[in-house]
Amino acid sequence: RLPTAGRAVRVTVEDSGPGIPPEVLPRLFEPFFTTKQPGEGTGLGLSVSYGILKEHHGSIFAENRNEGGARFEFELPLDPAAAADSETKSPIAARRD
């Protein structure tokens, strides 16, 4: 999809699983936060993804779908240089639902 008048690309990924527990959603993009057992994960995957997208003037967010499952969306500007120039006026803020 090309939302925002063709200035960015938005990718949406959805599943039909159990969703993300409400108490986890606010912490999802924190470094080293994990719901896995000790030794099974570092808790860096989504934090690194957030950092990469932010570095490229993009955004990422996650939410639970009304019909069940989770939805992740990320957005990247088609012209990162233009996004950097306009960022002082209207930044593409990372949304963490």
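This is a predicted model: local features need pLDDT of at least 70, side-chain atom pairs count only at pLDDT 80 or more; totals for chains, interfaces and linings use all residues.
Local features were taken at pLDDT of at least 70 and side-chain atom pairs only at pLDDT 80 or more, while totals for chains, interfaces and linings use all residues. Side-chain values rest on heavy atoms, with hydrogens and water left out, and residues are numbered from 1 along each chain as its sequence is written.

A salt bridge was assigned where a side-chain nitrogen of Lys or Arg lies within 4 Å of a carboxyl oxygen of Asp or Glu. This rule gives 8 salt bridges. One of them joins the side chains of Glu75 and Arg10, at 2.6 Å from N to O. Glu75 belongs to strand E3 (residues 70-77) and Arg10 to strand E1 (residues 8-14), so the pair ties together parts 65 residues apart in sequence. Strands (E) are DSSP runs of at least two residues, numbered from the N terminus. Accessibility was classed as buried (under 20% relative accessible area), exposed (over 50%) or partly exposed (in between), using a 1.4 Å probe and protein chains only. Glu75 is buried at 7%, whereas Arg10 is partly exposed at 22%.

A salt bridge also forms between the side chains of Arg65 and Glu14, at 3.7 Å from N to O. Here Arg65 sits in the loop between strand E2 (59-64) and E3, and Glu14 in strand E1, 51 residues apart. Arg65 is buried, with a relative accessible area of 18%; Glu14 is partly exposed, at 42%. Both residues belong to a network of salt bridges that links Glu14, Glu63, Arg65, Glu67 and Arg71.

Arg27 and Glu30 form a further side-chain salt bridge, at 3.0 Å from N to O. Arg27 is partly exposed at 38%, and Glu30 is partly exposed at 28%.

Note on methods:
Helices (H or I, at least four residues) and strands (E, at least two) are DSSP runs, numbered from the N terminus.
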